[in-house]
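Hi everyone, thanks for making time today. I'd like to walk you through one model, starting with confidence and then moving on to contacts and charges. Please have the structure open while I talk.

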Amino acid sequence: MLRIKCPFCGYRNESEFSCGGEAHIARPSAAVSDKLTDSTFSEYLFMRENPKGVFLERWCHTSGCRRWFNVARDTVTHQIYEIYPAGKTPKTTIGKKAYQVNWRRKSKAEVASKYLKRTPK
Amino acid sequence: MDENTPHIAFGCAAFTDKKLPILKKPEFLTAPQIELSEIPHLGKLNIRCDSINRDEVSKLIQCNLPAEPNYMSNKAGRFAVSLGPDEYLLLAEPGSESQLEQILRSSHLLEHISVVNVSDAFCAIRLSGIKVRELLSKGCPIDLHPNNFYSNRTAQCELALANVILICLEDNEFVCICRTSFAEYVLDWCIDAGQEYGILISKKI
Ligand SMILES: [Zn+2]
């Protein structure tokens, strides 16, 4: 049983949480998503990282405050390196590295979501 | 050993030829050590508001919304329990919840806050007695030691796998708020887990 520190409630048992899979998956912007090929869009929709080592995940404190947050967890040792707010990127060196080495940073789907600027009304 | 000394008779008979007195169970072992009761018709409002609106909402409901997580504040019979960074549960005297809801709904804050009357969605069970922490610990993984879980502390957690909000009123007095559909299960579980302590189910608040 993992003891996970919920940013709001403090240390709680793993059984109170649910894991939401890989974090930092950006949806391609609506304007570009039509122009993306199916294989590129499927990178966003279906493909998930499955590393042996540090993995950035989303977790929800389901039986407690029902808030989402991100966790940098080692999939081999279960060691938790960092817990940081949803929507933010990791701050620790280990977390930053895990963020950068993820293949998704170079995927067309993510690049399309990142560099498209919204047209002002 | 003096003849008048009361014996605690565990194997002592083998070491003495005196007849041992029949031990009477002391009263604290036979009297119920846990008391369960429902707090009926307690008004419950779920309030969501950001920290910038907290003070204004507190004024309207005449009870401070707690800034700290896992704590509650109380004022004149009203309790505000913190459920999340922007979510609170207000427990108010029976019958006052619709009026409080109206006050919040008619205020200028309504664009920024949400208020939902959840009085009938949740059920409040009051547990008291000297063994209440031991009883709850049987089904609740969080640390209920008095040093950690004292008066005005609250926790949203699992009690026998049911989601509950635990509130510590006083040292040996707790309120357990659970879904109405789970109330029967939680009560049954408490009665079962409390068999060894003796349970008294009272109707009064
Ligand atoms: Zn939590």
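**Confidence first, then contacts**

Let me begin with the part of chain A to treat with care: over residues 116–121 of chain A, pLDDT stays under 50, and the model has 3 contacts beyond four places in sequence for this stretch. This is, after all, a predicted model. For chain A as a whole, the average pLDDT is 88, and 93% of the residues score at least 70. Among the elements of chain A, helix H1 (residues 30–33) has the lowest confidence, with a mean of 70, while E5(A) has the highest, at 97.

Arg73(A) and Glu57(A) meet through their side chains in a salt bridge, 2.8 Å from N to O. Arg73(A) sits in strand E5 (residues 68–74) and Glu57(A) in strand E4 (residues 54–60), so this pair ties together parts of chain A that are 16 residues apart in sequence. Are these two residues buried or exposed? Both Arg73(A) and Glu57(A) are buried.

Chain A has another pair of this kind. Arg12(A) and Glu16(A) form a salt bridge, with 2.9 Å between the closest N and O atoms. Arg12(A) and Glu16(A) are both buried.

Over in chain B, Arg133(B) forms a salt bridge with Asp171(B), and here the closest N and O atoms are 3.1 Å apart. Arg133(B) belongs to helix H4 (residues 132–137), whereas Asp171(B) lies in the loop between strand E9 (162–170) and strand E10 (173–179), so the pair ties together parts of chain B that are 38 residues apart in sequence. Arg133(B) is buried, with a relative accessible area of 10%. Asp171(B), by contrast, is partly exposed, at 49%. Over all chains, the structure holds 14 salt bridges.

Now to the two domains of chain B. Domain 1 covers 22–40 + 121–202, and domain 2 covers 43–117. Their C-alpha centres lie 26 Å apart. Where they meet, 14 residues of domain 1 of chain B are in contact with 12 residues of domain 2 of chain B. Between them the two domains bury about 1,100 Å², with 61% of it on carbon and sulfur atoms. On the domain 1 side, Asn152(B), Thr154(B) and Gln156(B) lose the most area to domain 2, together 41% of what that side buries. What about polar contacts and salt bridges across this interface of chain B? There are 7 residue pairs in polar contact, both residues being at pLDDT 80 or more, and 0 salt bridges.

Finally, the interface between the chains. Here 12 residues of chain A are in contact with 16 residues of chain B. The area buried between chain A and chain B is about 1,100 Å², and carbon and sulfur atoms give 42% of that. Phe8(A), Ser63(A) and Arg67(A) supply 50% of the area that chain A buries against chain B, more than any other three residues.

How many salt bridges are there between chain A and chain B? The count is 3. One salt bridge joins the side chains of Arg67(A) and Glu87(B), at 3.2 Å from N to O. Between chain A and chain B there are also 8 residue pairs in polar contact, again with both residues at pLDDT 80 or more.

That's my tour, and I'm happy to take questions.

Key: Residues are numbered from 1 along each chain as its sequence is written. Chains are lettered from A and ligands numbered from 1 in the order in which they are written. Side-chain values use heavy atoms; hydrogens and water are left out. A salt bridge is a side-chain nitrogen of Lys or Arg within 4 Å of a carboxyl oxygen of Asp or Glu. Buried means under 20% relative accessible area, exposed over 50%, partly exposed in between (1.4 Å probe, protein chains only). Helices (H or I, at least four residues) and strands (E, at least two) are DSSP runs, numbered from the N terminus. pLDDT is the predictor's confidence in each residue, from 0 to 100. Contact means heavy atoms within 4.5 Å. Domain bounds come from an automatic or database domain assignment. Buried area is the accessible area (1.4 Å probe) that two parts lose on being put together, summed over both. A polar contact is a pair of N or O atoms within 3.5 Å; within protein, one must be able to donate a hydrogen and the other to accept it, and residues adjacent in sequence count only if both atoms are side-chain atoms.
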